[in-house]
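Here is a short briefing for a first look at this structure. Please read it with the model open beside you.

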Amino acid sequence: MATVIQISDIAAYDGQDVTVRGWLYNRTDKGRLQFLLVRDGTGVVQCVAFKKELPENVFELAQSLTQESSLIITGTVRADERAPGQPGGFEIGIKDIQLVQLAGEFPIQPKEHGIEFLMDNRHLWLRSSRQWAILRIRATIINTIRNWLDDHGYLLVDTPIISPAAGENTTTLFEIDYFGESAFLAQTGQLYNEANMGAFGKVYCFGPTFRAEKSKTRRHLMEFWMVEPEMAYFSLEDLMAMEEQFVSAIVQAVLQKHRPELAILERDTTHLENIKPPFPRISYDEAVERVKKAYAETDDAEKKADLAIEWGTDFGAAHETSIAEMFDRPVFVYHYPTAVKAFYMQPVDGRPEVCRSVDLLAPEGYGEITGGSERIFDPALLDKRIAEIGINPASYAWYLDLRKYGSVPHAGFGLGVERTVAWICGLPHIRETIPYARMLNRLYP
Ligand code: 4AD
Ligand code: MG
């Protein structure tokens, strides 16, 4: 066996004999020439079997290989700018093939398949180049999130997934039986994050969160990953200043590392190149006025129905898209009505009907990617708000403690990983942004 290499490193082996271990992605039969597209997880390379140069049994093996057969190929690397693959530009002249397993007929053929079929076969669909590109970008997004926060003085402090009380609201809870007691899967790590903030100043939690969202949309999953920074002595303005740096760093890291993946996804990156601070900031009041204007200006009856809005209601997808279309980069919308936001948000001084919240809306119709706020730090007000949402205050006794012992103004937000992946990759639906999507009608595979 020659040196075993990863396909991603092939450029360093021009002219040398190498061994690649992987799977057959596709085969083109040209009679005396067999073109085998081989993938190994790091990339794809074209391997050429030439009848004249190979023992008969090796050439026959090449001819008989089925899609996704696992194999070990040895041959000589040669530069050829026409060679397809990833990174491409090199091919391997086959000297030997070792078959590991001849695959049965692979369900996913190189042709169009329906989305439900592909989702049923998600465990196999992950092998396609498009999914390869998306999930590699996802990994970089996650990595950049961690590195950026670690490098800027935020401490990772984990929060529990099994919780005794609602973190966000009572309508989307997944309830579980905890030895006879009722418990819930975490909708957010925020409340624990606030305790951790009191101990460490600037913290974040990062993990899966769960919401029984009984709606089928392009933006909602039942299980999604959220990073939640929480900072002591932070105002709404501090929050926006930090978020725009953070989100820009994520986008720029993907642009820097993943041009090939973005090309596979046919992502037009012109919008993404723009993603640098400062991001525009508008109040909810102004956003409503802007939507009303867009409503008045459109002749499209369907669009009109979607854009109808009165002050006081939360934005739907169409409203968010309409607002985002007015800007060339993500836009902050702050001071939402208190009534449509979570119980812990700090009301605006002298105007308690709105709160010190801020959502960040992504461009190109991808909607809200972050949601955050200043938190109520007055114990009496927090008591009152907890009573208003009608949940058991006893479950929140520990949370109320945080306001008794050195309460400070503080703020934080959550960024949804999957929505961020959908936006950066330019995907029409959130289901491809996570390896195994959990949706209203899908729990398999
Ligand atoms: O706006 P949300 O609900 O905020 C919170 O949970 C706060 N406790 C966060 C905090 O302040 N620490 O959710 C935050 C983000 C949204 O902006 C969105 O990106 C994502 O989480 N998100 C979802 N992503 C996919 N599927 C769902 N069902 C989601 N719900 C929220
Ligand atoms: Mg939100």
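G88 has 19% relative accessibility, so G88 counts as buried; buried means under 20% relative accessible area, exposed over 50% and partly exposed in between, with a 1.4 Å probe and protein chains only. This is a predicted model: local features need pLDDT of at least 70, side-chain atom pairs count only at pLDDT 80 or more, and totals for chains, interfaces and linings use all residues. Residues are numbered from 1 along each chain as its sequence is written, chains are lettered from A and ligands numbered from 1 in the order in which they are written, and side-chain values use heavy atoms, with hydrogens and water left out.

**Around G88**
- G88 sits in strand β6 (residues 85–101); strands (E, at least two residues) and helices (H or I, at least four) are DSSP runs, numbered from the N terminus.
- G43 is 45 residues away from G88 along the chain, yet their C-alpha atoms are separated by 8.7 Å.

**The largest pocket**
- A pocket is an open set of points on a 1 Å grid over the protein atoms alone, where a 1.4 Å probe fits, with protein on both sides within 12 Å along at least five of seven lines; lining residues have an atom within 4 Å of a point.
- The volume of the largest pocket is about 1,100 Å³, counted as the space filled by probe spheres set on the points, which are joined across faces, edges and corners.
- Its lining has 45 residues, and E168, R211, E213, K341 and E368 lie nearest the centre.
- Strand β18 gives the largest share of this lining, 5 residues.
- β12 (223–232), α11 (317–324), β18 (367–374), β19 (410–416) and α14 (417–425) each supply at least two lining residues.
- The lining of the largest pocket splits into 16 nonpolar, 14 polar and 15 charged residues; Ala, Val, Leu, Ile, Met, Phe, Trp, Tyr, Cys and Pro count as nonpolar, Asp, Glu, Lys and Arg as charged, and the others, Gly among them, as polar.

**The second largest pocket**
- The second largest pocket holds about 530 Å³ of space.
- I108, Q109, K111, W125 and S128 lie nearest its centre, among 23 lining residues.
- β2 (17–30), α2 (115–120), α3 (122–125) and α4 (129–151) each give two or more residues to this lining.
- Helix α4 gives the most, with 3 residues.
- Domain 1 (3–101) and domain 2 (122–280 + 327–433) both contribute to the lining, so the second largest pocket lies between them; the bounds come from an automatic or database domain assignment.

**The largest nonpolar core**
- A nonpolar core is a set of buried Ala, Val, Leu, Ile, Met, Phe, Trp, Tyr and Cys residues joined through side-chain atoms within 4.5 Å.
- The largest one has 45 residues, of which I145, L149, M242, F246 and W423 touch the most other members.
- Helix α6 supplies the largest share of this core, 10 residues.

**Sheets**
- Eight strands form an open sheet with mixed pairing, in the order β7-β11-β12-β19-β18-β17-β14-β13; two strands pair if DSSP finds at least two bridges between them.
- β7 (155–156) and β13 (281–283) are at the edges with a single partner strand each, so one side of each has no neighbour in the sheet.
- β7 runs parallel to β11, over 2 bridges, and L155 has V203 in β11 as its bridge partner.
- Another open sheet has 3 strands in the order β8-β10-β9, with antiparallel pairing.
- Its edge strands are β8 (162–163) and β9 (175–178).
- β9 is joined to β10 (residues 181–185) by 4 bridges, and D177 has S182 in β10 as its bridge partner.
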